[in-house]
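The following explanation is intended for a reader who meets this structure for the first time. Please keep the sequence and the model in view while reading.

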Amino acid sequence: MVDFSGADLSHALLATADQVEVREGGAGLGALYEEAAVLYANCNAREAEALLEAAVGDPGVAAGEGLWMMLLDLYQLTGQRERFESRVLDYATRFERSPPPWVNLASTAPRRKSEVVPLINLGGSLSAAAETQFQQLTLIGQRSGALRIDMKRLKSVDDTGCRMLLDLVRQFALDRVKLLLLNAGQLATLLEKQIESGRAEGRERWLALLEALQHAGDEQRFEDVALEYAITFEESPPSWENKAAAVAVAVASSAGEERESDGGAVLEGELTSANSDSIRNLVALASDSKAIEVECGQLRRLDFVSAGMLFNVLASLQTQGKTVSLRNVNA
């Protein structure tokens, strides 16, 4: 199902057995609510503001709390603090509750694409079952120019999974896409139990282990395994490259910027048809989880094309038995 939390909405998307259904919610919203939302989605913030101000100021219109929240949100999204403060007292008097605090969402500068390194949590089994996910990883990395894969929740790995990982490494090298394996020591631990010096089989497992050790920054263990590899397969092993340094830089630079957590993601800024990768990424983020939380506190605008894309993604995840929660959605 799809759950909206932390917002007073007139509609909620509820996943049924075969579709995502829109149901009527709060009072005093209806056509006015929808018209204001459409105007704002189409970048007509002034028209939306005029419509909402007329509605809350007209004694003949039964403006519910949802319309008031939309107007207050709009003031924050457009940086109009004086107008916001002139309305919050009326809001508090009318609904007998504390008004929302002022937050200048207009000052939230969008992050440059070059600063955003998508993070994917890879868990469960690294095997043929993850083929679809790896196809998504390839597309995400090629679009963004870099990709972080966290392996701390990885439970098992087989030859096919190693082959897919190595293919991804080679493809990204050809495309000049930076690949950062976080917590690669988990993968190395799993693979170390599956290799045997002098037994020339499972070559992909050996190479995947060497790749993991580079990302883990374990040079001594890498050299030991590389020597065993050379003896076992009678060929030169890959050369040492300290990829852990790049991982450390990426982790430090992204701290506080990205709020993904286990089973979580973030939608922020203004999402249009030209920059909807974060919506597409939800499929990969939810690949190994039954539930995913999406933080929307810094989501300023969602245009019609992106809204349609989000609807399709939510419907697709629902058919897979996934639960999606959209947190802190503005009115």
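Predicted model: local features only at pLDDT ≥ 70, side-chain atom pairs only at ≥ 80, totals over all residues.

Residues are numbered from 1 along each chain as its sequence is written, and side-chain values use heavy atoms, with hydrogens and water left out.

Helices (H or I, at least four residues) and strands (E, at least two) are DSSP runs, numbered from the N terminus. Strands β4 (residues 119-126) and β5 (residues 146-157) run parallel and are joined by seven bridges; two strands pair if DSSP finds at least two bridges between them. Leucine 126 has valine 157 in β5 as its bridge partner. Between β4 and β5 the chain passes through helix α5 (residues 131-144), in a right-handed β-α-β crossover, that is, clockwise from the first strand over the helix to the second with the strands pointing away from the viewer.

Five bridges also connect β5 with the parallel strand β6 (residues 178-182), where leucine 179 stands opposite leucine 147. Helix α6 (residues 159-175) carries the chain from β5 to β6, and this β-α-β crossover is right-handed.

Serine 316 lies in helix α12 (residues 304-319). Its relative accessibility is 33%, so serine 316 counts as partly exposed (between buried, under 20% relative accessible area, and exposed, over 50%, with a 1.4 Å probe and protein chains only). Valine 283 is 33 residues from serine 316 in sequence and 8.6 Å from serine 316 in space, C-alpha to C-alpha.
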